Amino acid sequence: RHGVGYDSDLATDGQFTHDRNVDNSIRTYTHTRSTANNNKIWIELGGVFRIHKIKIWNLRHCCKEQIVGSHIYADDELIGTVMQALHTYDFTVSDKDPTYASRITLHQPLALHMAILELQVWGSGPFQQDDKFA
């Protein structure tokens, strides 16, 4: 089971709602209505997983630059930062520094809309909270 959420003024018109960022389709997208700073989109993974890779699919038809400056977190651990406007971003976690998390968060600290096509996570698990280094 997974869940998705927003920490901002979500578009609620039914066309761009939050479930669009995990619907396994790059034909749909989600965005917020707010241009306030600190917009966040997150995925609850439904358990603790070892994170191997996180992929963000950016908008292609407009607004690609609005994701620049965003940070991607696995729970509270910073995985990476979007440095330029591209169509996709791959953040790979090194096997030498394993990361375990139950939530993936995309955080835009700047005063910009948050808009993405898809947020995907590759991992293994789930692990028990006290057995995550097994």
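Mentor: Let's settle one term: buried means under 20% relative accessible area, exposed over 50%, and partly exposed in between (1.4 Å probe, protein chains only). This is a predicted model, where local features need pLDDT of at least 70 and side-chain atom pairs count only at pLDDT 80 or more, while totals for chains, interfaces and linings use all residues. Residues are numbered from 1 along each chain as its sequence is written, and side-chain values use heavy atoms, with hydrogens and water left out.

Now to strand E3, residues 39-58 (strands are DSSP runs of at least two residues, numbered from the N terminus). Take its salt bridges, meaning a side-chain nitrogen of Lys or Arg within 4 Å of a carboxyl oxygen of Asp or Glu. Lys 53 pairs with Asp 90 at 3.7 Å, N to O. Lys 53 sits in E3 and Asp 90 in strand E6, so the bridge ties together parts 37 residues apart in sequence. Asp 90 is partly exposed because its relative accessible area is 43%, and Lys 53 is partly exposed at 25%. Salt bridges with shared partners join Lys 53, Lys 55 and Asp 90 into one network.

Glu 44 bridges to Arg 103, with the closest N and O atoms 2.4 Å apart. That pair links E3 with strand E7, 59 residues apart. Both ends are partly exposed: Glu 44 has 28% relative accessible area, and Arg 103 has 28% too.

Then there's Asn 58, which counts as buried because its relative accessibility is 0%. Its side chain makes a polar contact of 3.5 Å with that of Tyr 89 (a pair of N or O atoms within 3.5 Å; within protein, one must be able to donate a hydrogen and the other to accept it, and residues adjacent in sequence count only if both atoms are side-chain atoms).

Notes
Helices (H or I, at least four residues) and strands (E, at least two) are DSSP runs, numbered from the N terminus.
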